[in-house]
Amino acid sequence: MTNLLNHQMLEDQILVLPIDGLETGPVISTRQYEDKPCWGIVLKVGRGRLLENGMIAAPCIDEGDVVCYGEYATTKVRSMGVDYFFVLADDIKSKYTGSGG
């Protein structure tokens, strides 16, 4: 099996390493649905989604960003004994900046 870090992500795919137990302050979650917020570090980012006019819509996520994504909006992959997630750029809910009160 090859290391996923040696792969290039396609289009708007983002490779995320999940973070367990990250505390980023209060996160409001509704009980309306069960898709819990998950946190992870972005390892690889695709070039972006191809639009109908031929332009590329680049994601506003960079490698090294800490992001929040939905628990069920991922594809889990195990490589070299480590669990990673493929997440579409549109399924990233927020990017942690570490600033603020």
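Tutor: Buried means under 20% relative accessible area, exposed means over 50%, and partly exposed covers what is in between. Please keep in mind that this is a predicted model. Asp65 has a relative accessibility of 16%, and it therefore counts as buried, because the cut-off is under 20%.

Student: Where in the chain is Asp65 found, and which residues does Asp65 touch beyond those up to four places away in sequence?

Tutor: Asp65 sits in the loop between β4 (56-57) and β5. Not counting residues up to four places away in sequence, Asp65 touches Gly40, Ile41, Val42 and Lys95. A polar atom of the Asp65 side chain also lies 2.8 Å from the backbone nitrogen of Asp62.

Student: How should I read a pair of aromatic rings?

Tutor: A pair of aromatic rings is described by the distance of the centres and the angle of the planes. This structure holds two aromatic pairs. One of them is formed by Trp39 and Tyr96, with 6.4 Å centre to centre and 85° between the planes, and this pair is edge-to-face. It links distant parts of the chain, with Trp39 in strand β2 (residues 37-45) and Tyr96 in strand β8 (residues 92-96), 57 residues apart.

Student: Are Trp39 and Tyr96 buried, or partly exposed?

Tutor: Trp39 is buried, with a relative accessible area of 12%, whereas Tyr96 is partly exposed, with a relative accessible area of 38%.

Student: What can be said of the rings of Tyr69 and Phe85?

Tutor: Their centres are 6.2 Å apart and their planes are at 50°, so the pair formed by Tyr69 and Phe85 is tilted. This pair, too, links distant parts of the chain, since Tyr69 is in strand β5 and Phe85 is in strand β7, 16 residues apart. Tyr69 counts as buried at 2% relative accessibility, and Phe85 counts as buried at 17%.

Student: Which residues make up the largest nonpolar core?

Tutor: The largest nonpolar core has ten residues, among them Tyr69 and Phe85, together with others including Ile14, Val16, Val42 and Ile92. The elements that give two or more residues to this core are β1 (13-19), β5 (66-70) and β7 (82-88). Leaving aside its neighbours within four places in sequence, Phe85 is in contact with residues including Ile14, Val16 and Tyr69, and also with Thr74, Thr75 and Lys76.

Definitions and conventions. Residues are numbered from 1 along each chain as its sequence is written. This is a predicted model: local features need pLDDT of at least 70, side-chain atom pairs count only at pLDDT 80 or more; totals for chains, interfaces and linings use all residues. Side-chain values use heavy atoms; hydrogens and water are left out. A nonpolar core is a set of buried Ala, Val, Leu, Ile, Met, Phe, Trp, Tyr and Cys residues joined through side-chain atoms within 4.5 Å. Buried means under 20% relative accessible area, exposed over 50%, partly exposed in between (1.4 Å probe, protein chains only). Helices (H or I, at least four residues) and strands (E, at least two) are DSSP runs, numbered from the N terminus. Contact means heavy atoms within 4.5 Å. Rings of Phe, Tyr and Trp (its six-membered ring) pair if their centres lie within 6.5 Å; planes under 30 degrees apart count as stacked, over 60 as edge-to-face and the rest as tilted. A polar contact is a pair of N or O atoms within 3.5 Å; within protein, one must be able to donate a hydrogen and the other to accept it, and residues adjacent in sequence count only if both atoms are side-chain atoms.
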